[in-house]
Amino acid sequence: MDIQKTLQTAISNHNKGNLREAEKLYRNILKVARKHPIALTLLAKIFLSNGIYEEVEKALSIILKNYPGYMKAQILAGEYYSQIDRPDIASDSYKRAILLSPNQAEPMIALGNLNQRGAELDETILNMVLSRYRQASIAEPESIPALNNLAAIYLKLKHPVKALKTLDLVFQLDPKNIRSLAYKTIALMGIDEVSQVEYLVGFGNLVRSTFIDINKEKMCMGSFNTKLIKVLKNHPNRTSEWDTSLRAIRGGAIVPGLFDHEDPILDVLKLSLADTINKYISELPVDPNHPFLASKPDNYSIDIWANFLGPKNYQSSHIHNQGWLSGAYYVSTNEMGKIEGDSNAGWIEFNRPGYGLPLLGGEKFLRKIKPESGLVILFPSYVWHGTIPFSVGGERISIAFDVHI
């Protein structure tokens, strides 16, 4: 076996999300080199993502005993102890990683992230975290995660101008970075740059709603959605278990990998959504200076999943880091009831930041759209969006998707 070549293939699969293939290749390497630190660490990361903590412990005991100076293993230890709610040990692991590699941003970012967990984020803690991220950006001036995290802390400290200056450094490296663009909208709201916020978000223009067209399939909307609901409820991928750090849905159920299952009604959905997306793209204006419009694709791929929300379930406000365009198709809204007199209960809301970031510009920047069965809403992936909880009524079923270019 060519271990280096196999490792490169495994890492490539890992980065693409092909975890089963990556795991198989890591195991093949470990059959030949039982204590290989990189293969063992990356395999343990897969165990950690799946919550298989006993296997993570076994791997860590081997790596740290034989390669205590391997920085990535110390970071893995920090991630593990953080997940099992041992922040003290996690902090020590990250600090050891910093000592081992003082010129790398990753362990400093990890420690800064840990410092924000489970604490009342007062100004003292935020300034301490700010120092971590600043050190990380000095260690690696071209580290986009370090700069983005630094900008986020400036926003939490309500310093939008400093956040914008930091984000300008990101845009010099990657002018279309999704997270940076999302942070920029918050900062612009904080300095009341209404026209610039509108230019980026484009509510009614870039953020657009339309009813899906299925007439060519000789099927009415009601019949289509009734059949689709049945397929979604019986889909083999439907689950109520997921990592809340990776998904914004709170409560309810999801169907990841929607098109992994073959069904004629899903074929109709696939064609109808493709027509809707293609029409949206074709109608976009030309603007080479706009970070979204400058990336209009000729070809794209789509990641798609379904969400089931019941009373008091909701989608926390979030963005889609991996997309260019994102959207939602509403299959069923079932008379969502008001919560505490809120006439907008169950609606999708735009421009309210998530991830603990403040709404610096006030509610005048918020926009809402009422979900209706058959409605598709499309928006740039960096636009903040979430749902307003509803307290009574039936189940809301929607299909979310990302367009990747």
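Start by selecting α7: 8 of its 10 residues are buried, so this helix is mostly covered. Buried here means under 20% relative accessible area, exposed means over 50%, and partly exposed is anything in between, using a 1.4 Å probe and protein chains only. Helices are DSSP runs of H or I with at least four residues, strands are runs of E with at least two, and both are numbered from the N terminus. Color the buried residues of α7: Pro-107, Met-108, Ile-109, Ala-110, Leu-111, Gly-112, Leu-114 and Asn-115. Now show α5 (71–83), α6, α8 (123–139) and α9 too, which the buried residues of α7 pack against.

A word on what you are looking at: this is a predicted model, where local features need pLDDT of at least 70, side-chain atom pairs count only at pLDDT 80 or more, and totals for chains, interfaces and linings use all residues. Residues are numbered from 1 along each chain as its sequence is written, and side-chain values use heavy atoms, with hydrogens and water left out.

Next, click Ser-101, in the loop between α6 (87–100) and α7 (106–115). Is Ser-101 buried or exposed? Ser-101 is buried, because its relative accessible area is 14%. Leaving aside residues up to four places away in sequence, Ser-101 touches Met-71 and Pro-107; contact means heavy atoms within 4.5 Å.

**Helices side by side**

Select α9 together with helix α11 (residues 178–190): their axes come within 10 Å and cross at roughly 20°. The axes are lines fitted to C-alpha atoms, for helices over the stretch in contact, and the angles run from 0 to 180 degrees between N-to-C directions. So α9 is roughly parallel to α11. For these labels, under 35 degrees is roughly parallel, over 145 roughly antiparallel, 65 to 115 roughly perpendicular, and the rest oblique. On the α9 side, the contact is made by Asn-148, Ala-151, Ala-152 and Leu-155, and on the α11 side by Arg-179, Ser-180, Tyr-183, Ile-186 and Ala-187.

Before moving on, pick Lys-158 in the loop between α9 (144–156) and α10 (160–173). Lys-158 has a positive phi of about 65°, although it is not a glycine. Most residues other than glycine have a negative phi. Lys-158 counts as exposed, because its relative accessibility is 59%.

**Into the core**

Where do you find the most contacts inside the largest nonpolar core? Select Leu-228, Leu-269 and Ile-399: they have the most contacts in this core of 91 residues. A nonpolar core is a set of buried Ala, Val, Leu, Ile, Met, Phe, Trp, Tyr and Cys residues joined through side-chain atoms within 4.5 Å. Apart from that core lies another, of 23 residues, among them Ala-10, Tyr-26, Leu-43 and Ala-77.

Zoom in on Leu-228. Not counting residues up to four places away in sequence, Leu-228 touches Ile-265, Leu-266, Leu-269, Tyr-329, Val-331 and Ile-399. Now show helix α13 (residues 221–233) and α14, whose axes come within 9 Å and cross at roughly 120°. α13 and α14 are therefore oblique to each other. Leu-228 takes part here too: the contact is made by Phe-224, Lys-227, Leu-228 and Val-231 of α13 and Ile-265, Leu-266, Val-268 and Leu-269 of α14.

Follow α14 (residues 264–283) to Asn-278. The C-alpha atoms of Asn-278 and Leu-266 are separated by 18 Å, with the two residues 12 apart along the chain. Asn-278 is partly exposed, with a relative accessible area of 39%. Show its side chain and that of Tyr-300: a polar contact of 2.8 Å joins Asn-278 and Tyr-300. A polar contact is a pair of N or O atoms within 3.5 Å; within protein, one must be able to donate a hydrogen and the other to accept it, and residues adjacent in sequence count only if both atoms are side-chain atoms.

**Last stop**

Finish at Asn-351, in the loop between β7 (348–350) and β8 (367–369). Asn-351 has a positive phi of about 80° although it is not a glycine. Asn-351 is buried, because its relative accessible area is 5%.
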